[in-house]
Amino acid sequence: MRLAVVISLYLTIIAASLPFAGSRTSTNYSKSVRARWDTEYAELSGRLESLHKLGKSPHRWKVERDILDPHALLHETDRTPVDVVLRRTDALLRHLQSTDGLRKRADTFRSRLAELRAARDRLGLAKTGTAVERNLFAEACALRRRIAVSNPLLDFDDLLFVSTATECGHMCPQYYGYKSTGGGGLYILRNAFADNPRVDNVLEGATVQNGRLAGQSLNGGAFLSPDLSYDGETIVFAWARGGGSGWNENDCYHLFKCGIDGSNLMMLTDGPYDDFDPCFLPNGRIVFNTTRRGGFGRCHSEPYPTYSLYSMKDDGSDIICLSFHETNEWHPSVDNDGMIVYSRWDYVDREDCIAHHMWTCYPDGRDPRAPHGNYPHPWTTTDTVFAANNDIDGEIWIDGRQERPFAEFNIRAIPGTSGKYTATAGPHHGQAYGAPILIDVTIKDDDRMSQVKRMTGAWFPEAEWLGGDRWPGWATLWPLSEEFYLCNHYDDLELLDKFGNEVRIDISLGTRPLDPIPLRARQKPPAIPTRTFQGDRADHADHKRATIAVQNVYVSDMPLPEGARAKWMRILQFFAKSTFGKDSPRTGAGHESLCRMSMGVVPVEEDGSVYCEAPVGKPIYFQLLDENGIAIHSMRSITYVHPGEQLTCVGCHESKWEAPPPMGSNPLAFRRAPSPLEKEPGSQEPLSFYRTVQPIFEAKCDPCHSSTGGGPNNGHEIHYWYALNGYEEWGNVTSSYWAGKEIACPIGTMPDKRSSYLFFYHGSQRFNFVIPWYGGSRTVPYKFGTYCSPLYQNVDGSHHDCTLTGEELRKVTLWLDANANEHGVYNFDKQDQEKLGTLVWPDLDATPGNPTGVELDYPLPAGYDKTQNASRYGLGPAPRTGTEGLVIGVVNGRLVLKSNSTRRVRVNVYSLAGKRLLDLELLPRAGTAALDMHSRGIAAGTYVVRARSATRQVVKRIVWP
């Protein structure tokens, strides 16, 4: 009987080996494809064994909660790897069988799937790992492949990609040319989904036509990040010679472009800069990453230059800066609304592993925003909301970084969607590879996983750790839809779907293939008009002085306490780090703290509005000040303003998922010319202990402390931590910087708020993200800076006879609010001069002749455009009051407006990125107007609708259909 079953099973498998009809079907799979199936079998066997022996782990519960589709997981009913593949193949077939491209073959596929299931059932509970079961697994994988490559979304035959042999330990040096090893190439995989695809070297026989490398070949070097023009005819990519020794023109990545046949190979950039990650913009320019801005990473032991977004014309001319951020940025792409999407490393005054997540900006660099992932919980460790108490003992805060990916790379919009993207969940300490995820920014961010779905059961590198498993190796996803993706997986290219199917694309190069791109034309997103004035546009006739406008500073997801009022808004500048090495030199008590200066303050009107002239080309952040000039709220990130930009905001961290409140009337600040930046005492120069406050302490504090022997120098614990770590005092003990930074707890433990006379935030992982007082990702009003510094309590007039003048007090409070740094510059030599009281300026981002960077040479705007509110959704000032009703809704797939009058209604529809998609007038009849958005070319998704009549304005977020 047993022999009969085995014979029957073999006959079934032999029958299944007959050729299948169709151009992409075969039974003659290559050795590499079959080897991939063997590897998959072994991996599934091991995971099934663990699941059945150990049951569900805590990690398993998290994955089940966050998975995009349950089929991508192992089920408790799966006995063998064959069960897993058949179940996932069935899910794939069910999804595809209704499509026109598969309908004719669906019955054939379904019949074959039934045969394999029958063979599986006849095999019964026989021991796994037998030759019969392995052959059955291979046949299930073969059927899966036949179905997968029949997907109508694969309406192309060839794939563009690069390969690389470079392996680095971190995602920063991964993109330095001198760290590359060469051995890569720019390739097209012909007939990628057929039996025997062919790899063509695009640059075979090609030579550079211009520039320093004219006449030379690029074969054998290191290749990065290709992009294909929207018409499918031109490739732009990065190339480096590889194996160099440092940053010079020979060893850096430079940008090139060529035709898809390798013709007209042109060098676009050159010089001692790494230029990479090029991406075609809808307006014809190219955005890319580069080290041209200068500066170094703050947490490295080697000299790692930072890189950020620039753009240029497609011939390499008119290179301009899009991002004035001071730390690294990665992988720009263009989403369906025409916005640039990229990853930013964001750790201003907060832990350096805290955020490497999604940002967006306009194609000209305007208005950088973080729609997702920038603020893990806890927001703060000074608030009892997050802990049983604020004591150093008994702490219960949870490190929210581990409740979501540490980093997200290669973010790319999913076709036909608004607000949905694919990405790679990666580590901080590792390359930009990891687990594939889907991000939906139309869902409100809970600073954990609400916007993130896992595509597979893979764990997140560094954020999650599963013992001896190697880190997940996915990268460079190219989404075909919400369900199907091209991607890299270790040394393979593959088709991945949300059901967990991984279909290897047959390619064997010996190097890692990355960035698979369908070789075809694709729809170009809308080209958003340029509103900045740089490069060729610098002296354009429309260039007006840049401004900043805030509708209402009280509109915030972390509002001020009831009754608290802001009198001023302070604008501070950060200086990019000009020296390499962690805390080398040290700038203050906070590890990896940035040097900074106050640009000045501007008034906040009674209604919370602000309108002022803007610093240009500077990394800046804002603080709200009370009537005493003391900060009550602060950013812990940066923004920036480009030449001629009119930067607008609704409020301070306003909700991105709710319509802003109606303005009610034209905000007070918008009725006048923009305010100039008013200089604070001690401001508009780099803030340092030695120039800003030491003279005050020497004059007002030293006499008493020196005569009585009291004060901060009277305890034996003072300075011993710093002495052990090689720090020295400078000058008088009581007025030295480090006398204000007592460490009164044993080595190896964390200081609490009582340990320091100062207040500061750390920018380093040396201090844990959840330590009391200094931890968290956000600033809570009144719980930072001056108001949390014991030093202020000794200089506010209540401490003995210590009375400071108003100007002196403002200098001290400014210094405390600005992280209480020792130095305002990074260079050792300049710090020595600074200690002598000399005014010195940083090497980067400083303009001593015009320290604020305000565009004094350009006229003020002729008048604030009152039809454009401080918002991406174009909300103008509210019309005059009236009794007319106006309601927005979605009924039966149509946008419906209801009104109690028959007046015309102006309707605007905006994407969540702020792009206006519709602008029209409707005339309600019988009080109702309906609009079929599909007929207007609006895809299903989430949008913001603004409806405005003569007396009424309504804004609502809708999900359509």
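**Terms and their grounds**

Trainee: Why is Cys168 called buried?
Mentor: Buried means under 20% relative accessible area, exposed over 50%, and partly exposed in between (1.4 Å probe, protein chains only). Cys168 has a relative accessibility of 15%, so it counts as buried. Cys487, with a relative accessible area of 0%, is therefore buried too.

Mentor: Please note that this is a predicted model, in which local features need pLDDT of at least 70, side-chain atom pairs count only at pLDDT 80 or more, and totals for chains, interfaces and linings use all residues. Residues are numbered from 1 along each chain as its sequence is written, and side-chain values use heavy atoms, leaving out hydrogens and water.

Trainee: How many disulfides are there?
Mentor: A disulfide is a pair of cysteine sulfur atoms within 2.5 Å. By this rule the count is 0.

Trainee: What is the average pLDDT of the chain?
Mentor: The pLDDT is the predictor's confidence in each residue, from 0 to 100. The chain averages 85, and 84% of the residues score at least 70.

Trainee: Which buried residues does helix α3 have?
Mentor: Helices (H or I, at least four residues) and strands (E, at least two) are DSSP runs, numbered from the N terminus. In α3, residues 58-66, the buried ones are His59, Arg60, Val63 and Asp66.

Trainee: Why are they said to be on the same side of α3?
Mentor: The arc is that of the directions from the helix axis to the C-beta atoms. These residues cover an arc of only 135°, which puts them on the same side. On the other side, Pro58, Trp61 and Arg65 are exposed.
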